Amino acid sequence: QVQLVEFGGGLVQAGGSLRLSCAPSGAIFRFDVMGWYLQAPGKQRELVAAITSDGSANYGDSVKGRFTISRDLGKNTVSLQMNSLKPEDTGVYFCNAGHIYSPGGYTRQAWGQGTQVTVSS
C-alpha cells in the first residue's frame, strides 16, 4: 500500500512563511496528480492546491497569490510554499496523491497522515 509522509508543519506568526513537503515512503514509479488539502478546526477537508504530471496547477480561492505548489517528478515529491500566512490558514494539511503507479501495482488514491500548521495573530 502506498503511504505518503509530510514534513514542514509548525507554528508561525501571521504574515510569515512555511514550506510543506510530501514524499512516498516506498518505491513509486509516478503519480498523475498530487495535492494538498486543509482540514481547519470544525470544517470539512478542502483543496488547497493540486498539480498534475504535466505541471498544471490549481489553487483554492483563499490561497491564490500566496501559496505555490511544485513537484519533483524525479523524486515523486510535492511541496507547498505558503507565504503571507493568515490565522485562517490554521489546520491540518494533508498530502494527497492520485493515480499512483508503483512496484505493487496501481493505487487510485493515497493520503498522508497530516501535518499541523498554526498561524498566530
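This note walks through the strands and the core of the structure above.

1. The model is predicted: local features need pLDDT of at least 70, side-chain atom pairs count only at pLDDT 80 or more, and totals for chains, interfaces and linings use all residues. Residues are numbered from 1 along each chain as its sequence is written, and side-chain values use heavy atoms, with hydrogens and water left out.

2. Start with the open sheet. Four strands form it, in the order β1-β3-β8-β7, with antiparallel pairing. Strands are DSSP runs of E, at least two residues, numbered from the N terminus. Two strands pair if DSSP finds at least two bridges between them. The edges are β1 (4–7) and β7 (67–72), each pairing on one side only.

3. Within this sheet, β3 (residues 18–24) and β8 (residues 77–82) run antiparallel and share five bridges. Cys-22 has Val-78 in β8 as its bridge partner.

4. Now turn to β9 (91–102).

5. Which strands pair with β9? β4 does, antiparallel, over nine bridges; Met-34 stands opposite Ala-97 in β9. Three bridges join β9 to β11, also antiparallel, and Val-92 stands opposite Gln-116 in β11. Six bridges join β9 to antiparallel β10 (residues 105–111). β9 and β10 form a hairpin with two residues between them.

6. The largest nonpolar core has 28 residues. Such a core is a set of buried Ala, Val, Leu, Ile, Met, Phe, Trp, Tyr and Cys residues joined through side-chain atoms within 4.5 Å. Trp-36, Val-48, Leu-80, Met-82 and Tyr-93 touch the most other members. Elements giving two or more residues include β3, β8 and β9.

Terms used
Buried < 20%, exposed > 50% of the residue type's maximum accessible area, 1.4 Å probe, protein only.
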